Amino acid sequence: MNRSQNSQQSQLSSSKPSLIGMIRARKLAIKIKRRAQFLVADKRRRENCGKAILIHHDIPQSSSNKALSLNDERFLTSSDGRLLVSSRQYLTHSSREIESKKRPVREYKTTPDHVFPVMAIESKIGEILESRLEGMKYSPVYGKEISKRLAEEIKKEVQTSYDLKRYKLICVVNIGEMKPSSLGSARFGSRCLWNTTFDNFASSFYQNSQVFAVATLYAVYYE
C-alpha cells in the first residue's frame, strides 16, 4: 500500500513543470516575440523604401532645370492627398543646388578697399553729438539710455555714409554732468589688441553748461 502511494506521488511530482523549465520557456517566448516584431518592422521598411512624404513644395521652377515639378512622374499621391516622392536623393540634390545659388559667396580679402577715414568720421560724430545734446540737462536716470541711443545712431550714420563693408564697428558714448569742481579731472582711455595697419578709431568731444559727452567709434577690419 505504501509503495503504491509513493509511486503515485512521484508520478504527480514529475508531471508538474519545474521552475527552471518555466524560466527557459519564458525566455524562449520573449525571443520569438522579438523576432516576430523585427520581421514585421523589416517588412514595413522594405515596402516604404525609397519614398518620402513632401509636406510643402516651395522649389522655384525658374531657379534650376533639375528642380522637380508637380507633374513629374517621380511624384506619387497617397490616398489622403499627401504627396509622395519616389526619389529622395534627387530632391535633396536639387534643394542643395538651389540653396547654394541663393547664398552669396564671400571673398577673402586681406586688405580693405577703403581705409577708415578718421578725420571725416570724427567730424560726423561731433555733428551728431551737438545736434542731440544741445541745451540738454544732465539726468542720471536717462543718461544711460541716451548714451545707448547715441551709440546706435553714430554706428548707423557712419555705416550709411561711408563704404565700410568689411569693418566691424563698436561705439562707446560716455555722458557726464558738468561741474566747476570736476573740470579737467575726467580722463577716458582704452587699450585694444588689433592690426595697426587697417584697424583704427575716431573720437569726438562735446560739452555745454550742463553736460559733457565723449564718443569713440572703433573700426576693426574683418577679412
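Which side chains meet in a salt bridge with N and O at 2.3 Å? Aspartate 113 and lysine 109 do, and they get their own view below.

This is a predicted model, in which local features need pLDDT of at least 70, side-chain atom pairs count only at pLDDT 80 or more, and totals for chains, interfaces and linings use all residues. Residues are numbered from 1 along each chain as its sequence is written, and side-chain values use heavy atoms, with hydrogens and water left out.

**View 1. The open sheet with strand order β4-β6-β5.** Three strands make up this sheet, and their pairing is antiparallel. Strands here are DSSP runs of E with at least two residues, and helices are runs of H or I with at least four residues, numbered from the N terminus. Two strands pair if DSSP finds at least two bridges between them. β4 and β5 are the edge strands, each pairing on one side only. Neighbouring strands of the sheet are turned by 10 degrees against each other on average, direction ignored. For such angles, axes are lines fitted to C-alpha atoms (for helices, over the stretch in contact), and values run from 0 to 180 degrees between N-to-C directions. As a reminder, strands of a sheet pair through backbone hydrogen bonds, either parallel or antiparallel.

**View 2. Strand β6 and its bridge partners in β4 and β5.** β4 and β6 pair in the antiparallel sense over 11 bridges. Here you can find glycine 176 with its bridge partner phenylalanine 212 in β6, and isoleucine 175 with alanine 213 in β6. β5 and β6 also pair in the antiparallel sense, over eight bridges. Among the bridge partners, alanine 202 goes with leucine 217 of β6, and serine 204 with alanine 215 of β6. β5 (200-207) and β6 (211-221) form a hairpin with three residues between them. β6 is mostly covered, with 10 of its 11 residues buried; buried means under 20% relative accessible area, exposed over 50%, and partly exposed in between (1.4 Å probe, protein chains only).

**View 3. Helix α4, residues 118-133.** This helix has 16 residues and reaches 22 Å from its first C-alpha to its last, close to the 22 Å expected at 1.5 Å a residue. The expected span is 1.5 Å times one less than the number of residues in the helix. Which residues of α4 are buried? They are Ile121, Lys124, Ile125, Gly126, Ile128, Leu129 and Leu133. What covers them includes α5, β5 and β6, where contact means heavy atoms within 4.5 Å. After α4 comes glycine 135, whose phi is positive, near 75 degrees.

View 4. α5 has 19 residues and reaches 27 Å from its first C-alpha to its last, close to the 27 Å expected at 1.5 Å a residue. Its buried residues are Gly143, Ser147, Leu150, Ala151, Ile154 and Val158. They cover an arc of only 100 degrees around the axis, which puts them on the same side of α5; the arc is that of the directions from the helix axis to the C-beta atoms. The face turned away from this buried side carries the exposed residues Arg149, Glu152, Lys156 and Thr160. What covers the buried residues of α5 includes α4, β4 (167-177) and β6.

View 5. Three of them are described here.

- Aspartate 113 and lysine 109 meet at 2.3 Å, N to O. Aspartate 113 counts as exposed at 59% relative accessibility, while lysine 109 is partly exposed at 23%.
- Arginine 132 and glutamate 153 meet at 2.6 Å, N to O. Arginine 132 lies in helix α4 and glutamate 153 in helix α5, so the pair ties together parts that are 21 residues apart in sequence. Arginine 132 is partly exposed at 46%, and glutamate 153 is partly exposed at 25%.
- Glutamate 145 and arginine 149 have their closest N and O atoms 3.5 Å apart. Being four residues apart in helix α5, the two are separated by about one helical turn. Glutamate 145 is partly exposed at 37%, whereas arginine 149 counts as exposed at 59%.

Methods: Salt bridge = Lys/Arg side-chain N within 4 Å of Asp/Glu carboxyl O.
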